[in-house]
Amino acid sequence: MRWTRFFSTTHFQSRPRPPSTPVATRARAAFPSADARVASVAFLGPTRGFRSARHGGAAVCASRVSDAIMAAIGSKRQRFVGDGNDSMRVTSLVRSLVELPYFTKDGTRVHPSPGSVASSRVAVQADPDASTCVAFVASGGGVWRHAVPFAGGEDVAEGKEAMLKPTTVLDGVTTRVRAVRHRHEIQSIALHDPRTRHPRPNATGSIPTSRDATDVATRLATADASGRCVVTLINASGADDETPRQWFLNPGESSSSSDSDVAVPGWTGACFDPENPNVVAVARRFAKTVDVFDGDRLIRSMRAPLQPSAVCFVERGPFGTLVGTGQGTSVDGTFTKAAVDADTNANAPSLIALAEGNALSLWDARVAERGGCVSRVSLCNRGQSLFALGAGTSAGAHGGGAVSLPKLKPGDPILATAGAERGVHVVDVDRWSVVKRWPGAMKFDVTNLLVSNASPDHCYLAGLDYELLCGCWARGALAGGFAFRGDSRWLGVAVAYGGENRDIVAGWCESGHLFAARVERTKQKSGDEGEPTSKRLRGE
């Protein structure tokens, strides 16, 4: 009875408080005289206006407070505006439905299969004209090809919090890749397109634009939950071959593909060697193995101490990266520039980067010591796993961020990784040191990370929420980038070459919609450029 009487006193009753939100704080700073007469100011939206409480016999001028708060809302656009760095401008953003031939009994379309957290089941084909986005997506044990033109989404508008709004189009065409069939759910897709691989920057930092790779066919690798990988040579035009050429890459412990040999199904990732597309690396999560294949022949099977969640090949710098020869590595495993001729560097195989647990490791199929592991470093706290991994090549001060990082020269291979810690870590492979960290890049766990081809200092991030953003890792901010939201969880994000200074970015959502963006790298001289164009942001 005492406690009931005690808590019912007026000391614990709710009282009006002055506004403490960032928007209202900026409004009070703009009008200090009005703050003395305000007990509470609540913003009810752009159409309903403001509600003010009178105190001392005076009321707040709602129109002046409205201007201040609208200016504060418009300032959110400034997080994407840099100072001197290049801008990644979206020239087209479309949303198209991938029509999978699956329906329920009542005629409702079935959503794609969920996959694992670290799975990325979308790959984008290169288009030098950047007129059409051709994406390969996987659901269950099948693969579909979806082509959607960019012509319908060139009017890109901004919405709330400077988020870009996609345009829904109905002219997308979905076809089945009949040559690819798996018994288990496909976990990852990798595509080797001769036009996708961007050339390395030269000594001056400029990127050559010549692309003569017509002698190499387009290859599609699909890895399922059982650890089985299939490499298919596909037609770039989308036509089905009557007798497609395929390689069946079975797990290293057994050459049989029967279900009895599958121990624990789970995530499986595959990637192509950019220098030699015949070389494929397949990583399996619960088996803790990394298998390297040359065609359909198993070269090496290496065992990782932790569970892998992402795999990729390291891009080679202008001097090459030699490991295990005594010329490219020191005693403690750190890398140095190898002073050897160009022929030896060209014939050296690429390194394999693996994100396992909270560590990033490098593997070489030629090294026998330590099971092929060249070096490893822990980047996150224990218990916070890495889910995404991307490889690129530094362009120095010409990389788009207008930042010259210490000890990072044009042509140096880099690795960018992110995960449950929500931050991006960039590592210089040659020196095996962290050159930049971008903490708190996203609100939730990062599951997809891609380094931009047009601007090596920018990267594309997607996580467990609906947001996909582009930011500058060299500055550790969203400077010069953009962001937009999907309509459900991302099942995968991919990037491809779209011409000189252009990227084609595509993301596939759990609802079955494909979001495709055509991104162009443009020069941006000062922070005055890039003013918000939306009437909502200008306060009109």
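Reader: How many bridges join strand S13 to S14?
Author: Four, in this predicted model. S13 covers residues 229-234, and the two strands run antiparallel.

Reader: OK, switching to the open sheet of four strands. What's the order?
Author: S4-S5-S6-S10, with antiparallel pairing. Strand S4 (122-125) and strand S10 (173-181) are the edges, each pairing on one side only. On average, neighbouring strands in this sheet are turned by 25° against each other, ignoring direction.

Reader: How many bridges between S5 and S6?
Author: Eight, linking residues 132-139 of S5 with residues 142-149 of S6 in the antiparallel sense. Within that pair, Val-134 has Ala-147 of S6 as its bridge partner.

Reader: Now the packing. Which residues have the most contacts inside the largest nonpolar core?
Author: Val-424, Val-426, Trp-438, Leu-449, Leu-461, Leu-469 and Trp-473, in a core of 24 residues. Strands supplying at least two residues each include S25 (424-428), S27 (446-451) and S30 (477-485).

Reader: What does Leu-449 touch, skipping residues up to four places away in sequence?
Author: Among others, Ala-388, Leu-389, Gly-390, Val-424, Tyr-460 and Leu-461.

Reader: What other core lies apart from that largest one?
Author: One of 20 residues, including Val-98, Val-137, Val-169 and Ala-506.

Definitions and conventions
Residues numbered from 1 in each chain as written. Predicted model: local features only at pLDDT ≥ 70, side-chain atom pairs only at ≥ 80, totals over all residues. Heavy atoms only, no water. Core = buried A, V, L, I, M, F, W, Y, C linked by side-chain atoms within 4.5 Å. Buried < 20%, exposed > 50% of the residue type's maximum accessible area, 1.4 Å probe, protein only. Contact = heavy atoms within 4.5 Å. Pairing = 2+ DSSP bridges. Axes fitted to C-alpha atoms, helices over the stretch in contact; angles between N-to-C directions.
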